[in-house]
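Here's a quick briefing on the structure shown below. Have a look at it first, then we'll go through strands, a loop residue and pockets.

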Amino acid sequence: DVPLYNGDVGVRIDVIEKKDESYSGIKEVKYWVTCDDVITQEKVLYSFDYVMDEYVEEGQVVPTYSELLHEFNEVVTIEAAKNNSCNVVLYVSVTDNAGNEDIKSVKVDIDVTDPTIEVEYNNNSPYKVVGNRGYYPANRTATISIVERTGHFEVAKATAGIKIKAVDAYGEPIVVDGAKLEVDSKGDLVDITKLFGTVEWNTVEGATPDEAIHAAVLSYYYDANYTFAISYIDRASNGNEGVNTNGQQTPYKFTIDKVDPTATITVASQTWSNLLDFLTFGLFSKESVKVSATSNDVTSPQIIECYKTNKTTILSVDELKAINTWNDITADPEFEISEDNRFVVYLKVTDYAGNHVYLNSDGYVVDKTDASITLTPDATDLTHNNIPLYNSDVNVLINVVEKKEEAYSGIKEVKYWVTCDGNVSQPEVILYSFNNATPKYEDLLHEFTKT
């Protein structure tokens, strides 16, 4: 294997000319470095100049045998800045004084370029952003691009560098294919392929080896609150510095939620959980009633809005959409109806991803006011102690009036009986009885008259 470095490389050069009766000594030691077959460094490390006996001139010195060099060593530096390549070779040439030459070489791999990472999403339109988290009502796909020399890119390491948390509204790992996803001590998924399947990395070579792009696509199909992080360290131990997410909305924290929330509305002891097809007004109270709302969503927080009306016909979805006076009761989803009131309560529950549901109560009447009763006996000119006096049967006109305003509950029953000297002389007679359990509001009787 070729040794790999992410900086300058020191190489020790040791040269030995055999030390016996016949060595001629080292004449020259030089080296040169090639990067992709181009010389980037070269230097003569040692040179021994001498004059042969027959050519000696006055003033020149002829070396003695003991002065012939038989050993040389030095450390040379392959400069990373000049040799950032997988194809770097150091050559060393040694020539002795007899003209013998030997060349040795060593190949090294140098990578001083940090990998870069870019993340791009296809869906950058969150319905709502809260606390740097975006909420999306549709799937989201991320394309991860790592720019790195192909020979130093490791698929397994790149996949392992992707850290994802995927939890529900309660902070629990989501369930996929009937099983809760396994997480590590930090809450990151142990195996992201449970979410995405096998992560495929596709490579496109660049203009230079260091510009090769390795891309993977992650498709977020499951509803969850996601937290995303990524880092990568190549074979040469170069790591990325930050991630390019320019132009991307909430790249690190986002929620996919494609399911409507659920909700209930309760008036007194009656509870509803959907939008009714029609209204009835068969629920009454002569005391104050409490109205409360609940909502639930397995993924996102919700906003509860309330609209109370006295209209006696059901509002359609289109009519509800047109209302601009919804009252946000999320913080306090309980209130009381304490005055005489005819009402229907509608709820609009919207999760943070924009999924919403409408529901309503049936018609309800709080009526604390008694009906008005007027009794008018036959006219007579006779009285006794200011009480009308008769000498025959007496007809009495009975008139009952339930106030005909927004909150009348209607007459349920009219009955009479007669007592004489404290004893019942004519037994109870029911003149009117209302037994419709699911009446329309117009079915409620507000006045009754009978003799």
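Let's start with a strand pair: strand 10 (residues 133-136) and strand 18 (residues 253-256) run parallel and are joined by 3 bridges. Keep in mind that this is a predicted model.

- Across the pairing, Tyr 136 sits opposite Ile 256 of strand 18.

**A loop residue: Thr 299**

- You'll find Thr 299 in the loop that links strand 22 (289-296) and strand 23 (302-309).
- Is Thr 299 buried or exposed? Its relative accessible area is 3%, so Thr 299 counts as buried, the cut-off being under 20%.
- Leaving out residues up to four places away in sequence, Thr 299 touches Asp 168, Ala 169, Asp 223, Ala 224, Asn 225, Thr 255, Ile 256 and Asp 257.
- One of those contacts, Ile 256, is the residue that stands opposite Tyr 136.

**The largest pocket**

- The largest pocket holds about 1,300 Å³ of space.
- It's lined by 37 residues, and the closest to its centre are Ile 373, Val 400, Glu 413, Val 414 and Lys 415.
- Two or more lining residues come from each of strand 21 (283-285), strand 29 (372-377), strand 32 (396-401), strand 33 (413-420) and strand 34 (423-433).
- Which strand gives the largest share of that lining? That's strand 33, with 7 residues.
- Sorted by class, the lining of the largest pocket has 18 nonpolar, 10 polar and 9 charged residues.

**The second largest pocket**

- The volume of the second largest pocket is about 210 Å³.
- There are 13 residues in its lining, with Ile 13, Asp 14, Val 15, Val 92 and Lys 104 nearest the centre.
- Strand 2 (9-16), strand 6 (88-96) and strand 7 (101-110) each contribute at least two residues to that lining.
- By class, the lining of the second largest pocket splits into 8 nonpolar, 1 polar and 4 charged residues.

Notes. Residues are numbered from 1 along each chain as its sequence is written. This is a predicted model: local features need pLDDT of at least 70, side-chain atom pairs count only at pLDDT 80 or more; totals for chains, interfaces and linings use all residues. Side-chain values use heavy atoms; hydrogens and water are left out. On a 1 Å grid over the protein atoms alone, a cavity is a set of points where a 1.4 Å probe fits but cannot get out, and a pocket is an open set with protein on both sides within 12 Å along at least five of seven lines; lining residues have an atom within 4 Å of a point. Grid points are joined across faces, edges and corners, and a volume is the space filled by probe spheres set on the points. Helices (H or I, at least four residues) and strands (E, at least two) are DSSP runs, numbered from the N terminus. Ala, Val, Leu, Ile, Met, Phe, Trp, Tyr, Cys and Pro count as nonpolar, Asp, Glu, Lys and Arg as charged, and the others, Gly among them, as polar. Two strands pair if DSSP finds at least two bridges between them. Buried means under 20% relative accessible area, exposed over 50%, partly exposed in between (1.4 Å probe, protein chains only). Contact means heavy atoms within 4.5 Å.
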